[in-house]
Amino acid sequence: MAKALAAEARRLGARGRLRDPARRRIVAGDFGCGTGRAVRLLLRHYGSVIAVDSSEACLAVACAATRSSDEVSFVHADLSAPRLSLPVVDVGLCVNVAIMPDARVRRRLLLNVVRHVRPGGRLLLIVPALESELLVRRRWADWTGAALRTQPSERLAEGLMRVGGALTKLWTREELLLSAGRLRSRAISVERVEYGWDTELVRPPRSLREPYPWDWLVVLERRR
């Protein structure tokens, strides 16, 4: 994610110090900011950040962590609301937010996010990979000798599987590419964001190496 943000910053000409006038004009949006882990990363590349989340508790934590920065605005809002109105940003970041099982709510959320990126601007969308979850279950079964199975509530054809106990939407690369047009955007790139096995398994054996678990990172450009 950090590399992708740096690439977008270079594309927009956001170089130099934070007080550089050209850089200060570039506004980034963190859609679904949670506790604000990505806000400081965005501030390294862009002049100001609008951080949006539906959880007041998460926003309080994020605000406390960045209380010394005047370049961050926090907004309490439901990204899937039918008539959402937010400031438009030059570049957006949306990390593992489009994961709810209801397809209509998920589509409305994504359309809202894209709509608040200026025409010609880009959205860095990160979503959990269906292929990665299948890999994790396969490796866990190999490691423990347990049977490989799905739960009755899971709907694999829809990419709905239980992750951490919650029914979660997981995405394939091809589905992301097909969805770009429906989001009035074009996909610039789709790549893996890899994680260590310790993010998925408790005390995994050292023999577990590549391929590692991953999320999909798709860079979308909003159509003009």
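# Cavity, pocket and helices

Me: The largest share of the lining of the largest cavity, three residues, comes from α7. Which elements give two or more residues to that lining?

Reply: In this predicted model, the residues that line the largest cavity are L110, L125, W171, L176, S179, A180, L183, V218 and L220. The elements that give two or more residues to this lining are α7, residues 173–182, and β9, residues 214–222. The structure holds one cavity of 30 Å³ or more, and about 40 Å³ of space lies in the largest cavity.

Me: What makes up the lining of the largest cavity by class?

Reply: Divided by class, the lining has eight nonpolar residues, one polar residue and no charged residues.

Me: Why is V218, which is among the lining residues of the largest cavity, called buried?

Reply: The relative accessible area of V218 is 1%, and buried means under 20%, so V218 is classed as buried. V218 is found in strand β9 and, leaving aside neighbours within four places in sequence, is in contact with L123, L124, L125, L176, A187, S189 and V190. The C-alpha atom of V218 is separated by 16 Å from that of S132, a residue 86 places away along the chain.

Me: How do you know that the span of helix α5 agrees with its number of residues?

Reply: Helix α5 covers residues 103–115, which is 13 residues, and at 1.5 Å a residue these should span 18 Å; the end C-alpha atoms are 18 Å apart, and therefore the two values agree. The expected span is taken as 1.5 Å times one less than the number of residues. At the start of α5, a side-chain oxygen of D102 comes to within 2.9 Å of the backbone nitrogen of R104.

Me: Which residues of α5 are buried, and what covers the buried residues of α5?

Reply: The buried residues in α5 are R106, L109, L110, L111, N112, V113 and V114, and what covers them includes β1, β5, β7, α7, β8 and β9. One of these buried residues, L110, is also among the residues that line the largest cavity.

Me: What is the volume of the largest pocket, and which residues lie nearest its centre?

Reply: The largest pocket has a volume of about 740 Å³, and of the 30 residues that line it, V95, N96, I126, Y195 and D215 lie nearest its centre. The elements that give two or more residues to the lining of the largest pocket are β4, β5, α6 and β9, and the largest share, three residues, comes from α6. By class, the lining divides into 17 nonpolar, eight polar and five charged residues.

Me: How do you know that the span of α6 agrees with its number of residues?

Reply: At 1.5 Å a residue, the 15 residues of α6 should span 21 Å, and because the end C-alpha atoms are 21 Å apart, the span agrees with the expectation. In α6, L130, S132, E133, L135, V136, R137 and A141 are buried, and the buried residues of this helix pack against β5, β6 and β9. After α6 comes G145, whose phi is positive, near 80°.

Me: Why does L201 count as buried?

Reply: L201 has a relative accessible area of 9%, which falls under the 20% limit for buried residues, so L201 is classed as buried. The place of L201 is in the loop between β8 and β9, and, not counting residues up to four places away in sequence, L201 touches V136, W140, W143 and L208. L201 and R139 are 62 residues apart in sequence and 9.8 Å apart in space, C-alpha to C-alpha.

Me: Why does N96 count as partly exposed, and why does R203 count as exposed?

Reply: N96 has a relative accessibility of 29% and R203 one of 72%; buried means under 20%, exposed means over 50%, and partly exposed lies in between. N96 therefore counts as partly exposed, while R203 counts as exposed.

Me: Is the peptide bond from E210 to P211 cis or trans?

Reply: The peptide bond from E210 to P211 is cis, with omega near -5°, and P211 is found in the loop between β8 and β9.

How values were computed: Residues numbered from 1 in each chain as written. Predicted model: local features only at pLDDT ≥ 70, side-chain atom pairs only at ≥ 80, totals over all residues. Heavy atoms only, no water. 1 Å grid on protein atoms, 1.4 Å probe; cavity = no way out; pocket = protein on both sides within 12 Å on 5 of 7 lines; lining within 4 Å. Points joined across faces, edges and corners; volume = space filled by probe spheres on them. Helix = DSSP H or I, 4+ residues; strand = E, 2+ residues; numbered from the N terminus. Nonpolar A, V, L, I, M, F, W, Y, C, P; charged D, E, K, R; others polar. Buried < 20%, exposed > 50% of the residue type's maximum accessible area, 1.4 Å probe, protein only. Contact = heavy atoms within 4.5 Å. Polar contact = N/O pair within 3.5 Å; in protein donor to acceptor, adjacent residues only side chain to side chain.
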